[in-house]
Amino acid sequence: VKQVLGGANAYCFDIYLMGPGGGSDALLGDADEDGSVTVADITTIAAYILGKAPEKFNFTNADVDADGAITVADITGTAGIILGK
């Protein structure tokens, strides 16, 4: 969990799930690298699976289950992140 704004007594947090490398550049599920995990990332992962990889595609972030392959499991994993599961 990374506190984005506010001091030590702040109560508002943005919660990021970091990939294996950690750091702000590894937002697990953010396949299109726009800084947030949304339904657009699911579309980006699906396009990659179908052989129509978009110009901006982050393999590491898209590989939600960290198995070294982009599959439907990464789509469901990204959906789980979006839904907070």
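## Basis

Helices (H or I, at least four residues) and strands (E, at least two) are DSSP runs, numbered from the N terminus. The model is predicted: local features need pLDDT of at least 70, side-chain atom pairs count only at pLDDT 80 or more, and totals for chains, interfaces and linings use all residues. Residues are numbered from 1 along each chain as its sequence is written, and side-chain values use heavy atoms, with hydrogens and water left out.

## Thr78

Helix α3 (residues 72-83) contains Thr78. Thr78 counts as buried because its relative accessibility is 0%; buried means under 20% relative accessible area, exposed over 50%, and partly exposed in between (1.4 Å probe, protein chains only).

Leaving aside residues up to four places away in sequence, Thr78 touches Gly29, Val37, Asp41, Ile42, Ile45 and Val64. A contact here means heavy atoms within 4.5 Å.

## Aromatic rings

There are two aromatic pairs in the structure. Rings of Phe, Tyr and Trp (its six-membered ring) pair if their centres lie within 6.5 Å; planes under 30 degrees apart count as stacked, over 60 as edge-to-face and the rest as tilted. Tyr48 and Phe57 are stacked, at 4.2 Å centre to centre and 5° between the planes. The pair of Tyr48 and Phe59 is edge-to-face, because the ring centres are 6.2 Å apart and the planes are at 70°. This pair ties together parts 11 residues apart in sequence, since Tyr48 lies in helix α1 (residues 39-49) and Phe59 in helix α2 (residues 59-62).

Tyr48, Phe57 and Phe59 form one aromatic cluster. Phe57 is buried at 18% relative accessible area, while Tyr48 is partly exposed at 30% relative accessibility and Phe59 is partly exposed at 33% relative accessible area.
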